Amino acid sequence: MSERPDIKFGTDGWRAIIAEEFTFANVRACAEAVARNLIASGRSRDGLVIGFDTRYGSQRFAHAVADVVNRFGIATQTFDVAAPTPACSFAVVNQSAANGVMITASHNPPEWNGFKVKSAAGGSASPEEVANIELHLADVLDGKSSYSGTHVAQGQVFDVIGPYLEQLHRVIDVDPIKSQPLKIVVDAMHGCGAGIIPKMLAGGAIEVTEIRSESNPNFPGMDQPEPIAHNLRPLSDTVRETGAAVGIALDGDADRVGIIDENGIYFTTLEVFSLLTDHFMGRRNERGGGACTITMSSMVDKLSANYGAPVYRTPVGFKYVGPTMIEENCSMGGEESGGYAFKGHVPERDGALSGLLFLQAMVMSGKKPTELLNDLHALVGPHTFKRIDISYDITQRSHLAEQVASATPASLGGLAVESDDRRDGVRFDLAGGSWAVARMSGTEPLVRIYAETPDDDTLTAVLGDLQKTLGV
């Protein structure tokens with residue numbers, strides 16, 4: 001008798017290695033759990049949107065989801081082509097669907113795939129909704145059947161890219177950007193965001209070069225399709241070689257962004273969100289405030305104080321950030337991993353929109369990326385940040401989780417610990433506005449440690465002491 005699969009939805013959906021745990025049988029089980037939850041909550045008549053990215057088998061997995069859900073009498077609308085996760089989120093809202101399912105493992109290595117659930121509001125499903133789906137999933141995996149459909153509903157395929165581009169045009173006026181004789185480079189990282197930014201900026205004076213735009217589920221030349229420094233050397237090289245004003249990278253499912261300055265230097269995700277916060281609160285005069293995770297920069301707090309706007313901190317994951325944006329009517333939301341959301345769009349990360357808004361900041365200010373960063377540091381002081389991911393064998397998880405939960409250092413890197421926040425792992429607020437975080441990843445077997453300090457030497461010392469504290 002085969003062992004019952006252990007399927008758990010983490011920070012943003014369920015992810016697993018293809019053909020090991022991520023199988024058609026398990027994907028169908030997840031689809032049935034979503035269908036049962038829609039019926040139990042009385043929302044089945046609104047139907048389900050189903051999307052997929054460029055990973056191995058994603059389209060076939062998506063159609064397997066549709067087949068299962070249709071058998072429960074629930075109509076489905078499935079992407080006609082691989083497209084960004086935010087396009088799925090928008091389609092849910094645009095079609096007034098009950099939920100969305102996106103087949104993607106986002107930035108994970110190529111052997112992974114995943115199953116994300118989107119809310120009716122167009123964001124990540126709430127923890128409560130995910131918990132209900134998991135209860136139904138447990139019944140499915142245990143062979144319990146409480147429902148048999150009376151008819152098979154219709155499954156349709158729809159144009160996903162066209163309406164999504166129209167929505168982006170409603171959110172941002174790209175004409176002033178297109179009118180500038182700038183050279184920019186976009187790195188699609190072989191994912192499903194290819195073509196989005198070039199299409200948005202077509203027909204103007206701006207010159208857009210896109211690299212790694214061909215779909216390739218092996219994601220060659222990178223550890224994983226995550227827009228971080230060591231994966232973006234081709235983008236840095238192309239920016240320098242072409243004399244481009246900026247480089248913009250999108251992750252595998254195009255909900256995250258990475259920025260390379262005019263010298264080919266990578267901006268950290270905290271710098272990018274802080275620059276976008278300064279742009280929104282300053283040039284755009286949007287004072288609705290921001291929602292961001294406990295791992296986001298303290299520069300955001302200083303900017304919010306400067307502009308008289310609120311900031312709301314959440315645990316890690318857009319399933320917390322998105323709802324906070326809605327509840328508090330925030331102008332924007334963000335997390336350390338490079339995912340940012342903006343008012344007027346869905347409460348969900350959108351890499352292409354983030355890149356376009358960064359271009360808007362450059363055009364409205366008339367400044368280069370390095371000049372924008374210098375202005376930011378002049379306003380809030382110098383900040384430097386680093387995240388370290390430490391892999392572990394799954395048998396170590398409980399021990400490491402306990403190490404994180406019980407950590408109580410008096411100081412880190414010579415800086416006194418002034419307070420802690422244990423909503424998600426632990427965040428230590430240090431003397432002088434520095435901070436450090438340790439938490440277990442909700443999507444991969446990793447312990448993540450983070451720190452932000454005024455200089456590199458202090459950063460190294462803080463991270464070193466935190467690793468010693470945790471024994472990793």
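The following paragraphs go from the overall fold of a predicted model to one residue, serine 274. In this predicted model, local features need pLDDT of at least 70 and side-chain atom pairs count only at pLDDT 80 or more, while totals for chains, interfaces and linings use all residues. Residues are numbered from 1 along each chain as its sequence is written, and side-chain values use heavy atoms, with hydrogens and water left out.

The protein chain has 15 helices and 21 strands, taken as DSSP runs numbered from the N terminus (helices H or I, at least four residues; strands E, at least two). Its radius of gyration, over C-alpha atoms, is 22 Å, close to the 23 Å from the globule rule for 472 residues, so the chain is as compact as a globular protein of that length. The rule is 2.2 Å times the number of residues to the power 0.38. Along the principal axes, the C-alpha trace spans about 65 × 55 × 40 Å.

Of the 472 residues, 58% are buried, meaning under 20% relative accessible area with a 1.4 Å probe, protein chains only. Contacts are heavy atoms within 4.5 Å; among those between residues at least 6 apart in sequence, 68% join residues at least 24 apart.

Serine 274 lies in helix α9, which covers residues 269-283. Is serine 274 buried or exposed? Serine 274 has a relative accessible area of 0%, so it is buried. Not counting residues up to four places away in sequence, serine 274 touches Ser297, Met299, Val300, Leu303 and Leu376.

Notes. Buried < 20%, exposed > 50% of the residue type's maximum accessible area, 1.4 Å probe, protein only.
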